[in-house]
Amino acid sequence: MSTAIGKPSAIDLPVDAQPDQGNSRFSPITLRRWQIFRSSKRGYWSLWIFLVLFGASLLAEFIANDKPLLVQYKGEYYFPVLKTYSERSFGGYFEVEAEYADRYVQDLIQDSGGWMIWPLVPYNYQTIDLYLETPAPAPPSSAHWLGTDDGGRDILAKLIYGFRLSVVFGLILTICSSVIGITAGAIQGYFGGKVDLIAQRFIEIWAGLPILFVLIILASIVESNVFWLLGILIVFGWMALVGVVRAEFLRARNFEYIRAAKALGLGDFQIMYKHVLPNAMVAALTFLPFILNGSITLLTSLDFLGFGLPPESASLGRLLRQGNANLQAPWLGLTAVATISMMLILLIFIGESVRNSFDPRRAMQATQPTSL
């Protein structure tokens with residue numbers, strides 16, 4: 001004979017890993033989803049690795065920069081990474097910004113008894129090393145841990161800045177396109193009828209437009225920049241969540257509690273926002289990591305083809321393009337491929353774990369009582 005143990009365990013985790021539901025501000029279902037996510041070691045550790053890498057990239061100016069973090073000159077302290085100083089501030093002749101990598105400026109500071117503290121990587125993603133011992137692209141060395149590209153720029157610095165740009169661009173694109181897609185799907189699903197019919201026909205036509213050809217045409221007319229590219233991709237990329245949200249609203253709009261809310265006099269948009277949208281967001285949230293993955297891949301592909309961000313941007317796609325153009329320097333292509341692959345794999349693992357944590361079947365299995 002089997003008997004159930006007191007309270008059902010949400011999932012087989014150690015005691016110290018179980019959250020204190022009594023003192024928690026989160027609902028039991030949110031805690032259960034977090035437990036399911038945390039039990040997936042692959043997704044859990046992928047999240048932490050991704051957050052650490054992304055957090056480090058946000059501090060890129062303090063990790064990879066051609067300006068010192070701190071300069072001591074004649075008893076005074078300067079912070080070139082935060083403020084611009086002219087060459088005359090250190091005893092030079094010109095009012096232009098000091099080039100700290102220039103040996104003349106370094107001699108001025110050292111002759112006065114001063115010193116400089118450099119970042120871990122003393123190069124910016126745009127810094128051209130004028131003192132390379134071998135022709136560019138230079139192989140990995142003590143000065144350039146991952147080598148340089150064909151312009152003499154440090155690869156590690158370009159990876160740090162490129163990782164940040166790709167993730168931030170992908171996050172903005174994902175958030176903006178998701179807001180538009182969720183709004184469109186909610187209106188379609190809730191009102192249905194002619195609104196849904198007309199919107200669906202519009203989406204079918206809009207989704208059939210060749211975005212790459214449109215970008216090629218616009219690139220020959222308008223000068224490319226971050227905001228222009230972001231706007232174009234949002235215009236064509238908002239349809240990812242429309243179908244999911246539309247289906248949830250179509251399913252929920254005839255439920256009894258929705259009819260009761262209407263009978264009580266609540267407005268349509270109030271019902272949509274307070275009563276239907278929270279249920280639809282459960283399905284939408286499971287797709288967000290994959291949409292972010294697709295946004296980063298799209299940006300990388302456009303940069304590789306030459307229709308993405310401006311040439312002076314820190315782009316992983318352009319680094320991949322340089323690797324393709326310089327096959328005699330395999331460290332270019334291998335470094336770019338490894339970085340992009342690692343980023344996408346981490347996001348895929350996170351997305352799979354998020355999807356599993358929102359799966360109702362796994363939640364039901366997690367709440368089943370344990371038998372003796």
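Ser 315 caps the N-terminal end of helix H13, where one of its side-chain oxygens lies 3.2 Å from the backbone nitrogen of Gly 317; helices are DSSP runs (H or I) of at least four residues, strands (E) are runs of at least two, and both are numbered from the N terminus. This is a predicted model, in which local features need pLDDT of at least 70 and side-chain atom pairs count only at pLDDT 80 or more, while totals for chains, interfaces and linings use all residues. Residues are numbered from 1 along each chain as its sequence is written, and side-chain values use heavy atoms, with hydrogens and water left out.

**Helix H13 and its surroundings**

- In H13, which covers residues 316-325, the buried residues are Leu 316, Gly 317, Arg 318, Leu 319, Gln 322 and Gly 323, where buried means under 20% relative accessible area, exposed means over 50%, and partly exposed is in between (1.4 Å probe, protein chains only).
- These buried residues of H13 pack against H5, H12 and helix H14 (330-357).
- Thr 300 has its place in helix H12, residues 288-305, and counts as buried because its relative accessibility is 8%.
- With neighbours within four places in sequence left aside, Thr 300 is in contact (heavy atoms within 4.5 Å) with Gly 317 and Ile 340.

**Helix H3**

- Ala 60 lies in helix H3, residues 60-63, and it counts as buried because its relative accessibility is 0%.
- Beyond its neighbours within four places in sequence, Ala 60 is in contact with Ile 160, Tyr 161 and Arg 164.
- The C-alpha atoms of Ala 60 and Ile 109 are separated by 25 Å, and these two residues are 49 residues apart along the chain.

**Nonpolar surface patch**

- A nonpolar patch on the surface is formed by Leu 58, Leu 59, Phe 62, Tyr 77, Phe 79, Leu 82, Trp 115, Ile 117, Val 168 and Ile 172, which together have about 940 Å² of accessible area.
- Patches are made of residues with over 30% relative accessible area and no salt bridge, with like charges joined within 9 Å and nonpolar side chains (Val, Leu, Ile, Met, Phe, Trp, Tyr) within 5 Å.
- Strand E3 (115-117) and helix H5 (155-191) each supply at least two residues of this patch.
- Val 168 lies in helix H5 and is partly exposed, because its relative accessible area is 31%.

**Salt bridges**

- A search of the whole structure finds nine salt bridges, each being a side-chain nitrogen of Lys or Arg within 4 Å of a carboxyl oxygen of Asp or Glu.
- Glu 97 forms a salt bridge with Lys 67, the closest N and O atoms being 2.7 Å apart, and this pair links distant parts of the chain, 30 residues apart, with Glu 97 in the loop between strand E2 (76-78) and helix H4 (103-111) and Lys 67 in the loop between H3 and strand E1 (70-73).
- Glu 95 forms a salt bridge with Arg 88, with the closest N and O atoms 3.5 Å apart, and Glu 95 and Arg 88 are both exposed.
- The side chains of Asp 196 and Arg 246 meet in a salt bridge at 2.7 Å, N to O, linking helix H6 (residues 193-207), which holds Asp 196, with helix H9 (residues 242-252), which holds Arg 246, 50 residues apart.

**Confidence**

- The mean pLDDT of the chain is 85, and 90% of its residues reach 70 or more, pLDDT being the predictor's confidence in each residue, from 0 to 100.
- Over residues 1-23 pLDDT stays under 50, and the model has 31 contacts beyond four places in sequence for them.

Notes. Areas by Shrake-Rupley, 256 points an atom, 1.4 Å probe, with all protein chains shown as cover. Polar contact = N/O pair within 3.5 Å; in protein donor to acceptor, adjacent residues only side chain to side chain.
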